[in-house]
Amino acid sequence: GGSARDETPIDKGLDVLGKVVRQLPGLLEAHIAIAQARYNAGDLEAAAKALQHCVSLDSSRADTHLLMAQVSLAQGDSKLANHSLEAALSYDFQVRASPIYALARARYLITTGAVDESLTVLQGALRLPGVRSPSSTARVSLSERASIFVDLAATFAKMARLKEAAATIAEARDLFHGTAEEVRVLVANSELAIARNDFDGAMELLNSVDPDSRSYVHAQVVKANVYLAERHDKTAYVDCYREIVKAHPQSARAFVLLAEALMRVQAPELAVREFENAYHLEPGNVALATKIG
C-alpha cells in the first residue's frame, strides 16, 4: 500500500491474484503464482504459508515442492529444503534436469560440508539449456541463471580456487550486464575481492549498491562483516545495519538484523530496543516476543 510509488508490479500482480483466489479458492495455479510472487519479493514467511496451502490442495505437484525447497533454503533450513527436493523428485523425475533442483541441491550439499559434490552439481547446472544463454525451449528465469553463476563462484572460492571463481564472475558480469541481476553479481564480486584480501576493492563495489536495490541488504551485511572481522570497527559494523533499517523502516526483519548485530557487539540493552521496534511492526510474532524475553 502507501503512495503510488510504493506499489510495485509484484504488488499489482498479488492484488489481481488475490481477487482470483477469492472467486476460485481451489485454483491451484493462482496459489502457486502467489507463493512465487511472495518469494520473489523476499517475503519468505508469506511464501511458505502460501505453499503449505498449495500442498493441502494437491500434494503431488513437483513445482510446489521445488519452490518450497527454495524458500526453505532462503530461510536457512537446508534439511527441510532437501526433504522438499526429495518430494519433488518422487512426483516427477524430470525435476533432476531443472536448474532450480541443481541450485537447491548444491546449497544443501554445501551446508552438509560436501563441497566437492556441490561443485559437480553446479558445473552440471551450467551446462543445462537456458542457463548460459536464454533458450526458447527451456524457461529459466534470469534470477536462477545468475544464482548458478554466483553460487559456483562462491563454491570455487570456498575451495580456494580463486582463479576459477574470478573467471566465473567475469563471465557472469558479461552475461548479466544491464539486467536486474547485475548488482547481485557485483556483490558476489566483492565477496571474491574479500577472499583475495582486497578489502578496499570490496568496499568500493559494496558502496556502489543503491539502497533501492534488491541486493542492498546483502551488500550491507557483507560490508558489516568486513568492518568487524578485518577492521575490528564495531561502530561501523553496527552502522551498516542502521542503514538497512533506514532503507526499510517498515520491515521487522531489518530491525531484527540490527538487534542481532547489537547483540554480537555486546550491547543487549540497545538490542532489546530494536527487537521491540520489530515487535511493534509484527505484534503477533511469537519468536520475537521470545527473543525479547
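Predicted model: local features only at pLDDT ≥ 70, side-chain atom pairs only at ≥ 80, totals over all residues.
Biologist: What makes Asn 82 count as buried?

Modeller: Its relative accessibility is 8%. Buried means under 20%, so Asn 82 counts as buried at 8%.

Biologist: Which residues does Asn 82 touch, not counting residues up to four places away in sequence?

Modeller: Asn 82 touches Arg 105 and Tyr 108. A contact requires heavy atoms within 4.5 Å.

Biologist: How do you know that the span of helix H2 agrees with its number of residues?

Modeller: Helix H2 covers residues 28-40, which is 13 residues. At 1.5 Å a residue the helix should span 18 Å, and its end C-alpha atoms are 18 Å apart, so the two values agree.

Biologist: Which residues of H2 are buried, and against what do they pack?

Modeller: Leu 28, Ala 30, His 31, Ile 32, Ile 34, Ala 35, Ala 37 and Tyr 39 are buried in H2. The buried residues of H2 pack against helices H1 (9-23), H3 (44-57) and H4 (62-74). Just after H2, Gly 42 has a positive phi of about 85 degrees.

Biologist: What is the volume of the second largest pocket, and which helices each supply at least two residues of its lining?

Modeller: The volume is about 160 Å³. H3, H4 and H5 (78-91) each supply at least two lining residues. By class, the lining has six nonpolar, six polar and no charged residues; among the lining residues are Val 55, Met 68 and His 83.

Biologist: How many aromatic pairs does a search of the whole structure find, and why is the pair of Phe 149 and Phe 176 called edge-to-face?

Modeller: The search finds two aromatic pairs. The ring centres of Phe 149 and Phe 176 are 5.8 Å apart, and their planes stand at 75 degrees. Rings pair if their centres lie within 6.5 Å, and planes over 60 degrees apart count as edge-to-face, so this pair is edge-to-face. The pair links distant parts of the chain, 27 residues apart: Phe 149 in helix H8, and Phe 176 in the loop between helices H9 and H10. Phe 149 and Phe 176 are both buried.

Biologist: What makes the pair of Tyr 237 and Tyr 241 edge-to-face?

Modeller: The rings of Tyr 237 and Tyr 241 are 5.4 Å centre to centre, with 65 degrees between the planes. Because over 60 degrees counts as edge-to-face, the pair of Tyr 237 and Tyr 241 takes that name.

Biologist: Why are Tyr 237 and Tyr 241 separated by about one helical turn?

Modeller: They are four residues apart in helix H13, hence about one helical turn. Both Tyr 237 and Tyr 241 are buried.

How values were computed:
Residues numbered from 1 in each chain as written. Heavy atoms only, no water. Expected span 1.5 Å × (residues − 1). Buried < 20%, exposed > 50% of the residue type's maximum accessible area, 1.4 Å probe, protein only. 1 Å grid on protein atoms, 1.4 Å probe; cavity = no way out; pocket = protein on both sides within 12 Å on 5 of 7 lines; lining within 4 Å. Points joined across faces, edges and corners; volume = space filled by probe spheres on them. Nonpolar A, V, L, I, M, F, W, Y, C, P; charged D, E, K, R; others polar. Phe/Tyr/Trp six-rings, centres within 6.5 Å; stacked < 30°, edge-to-face > 60°.
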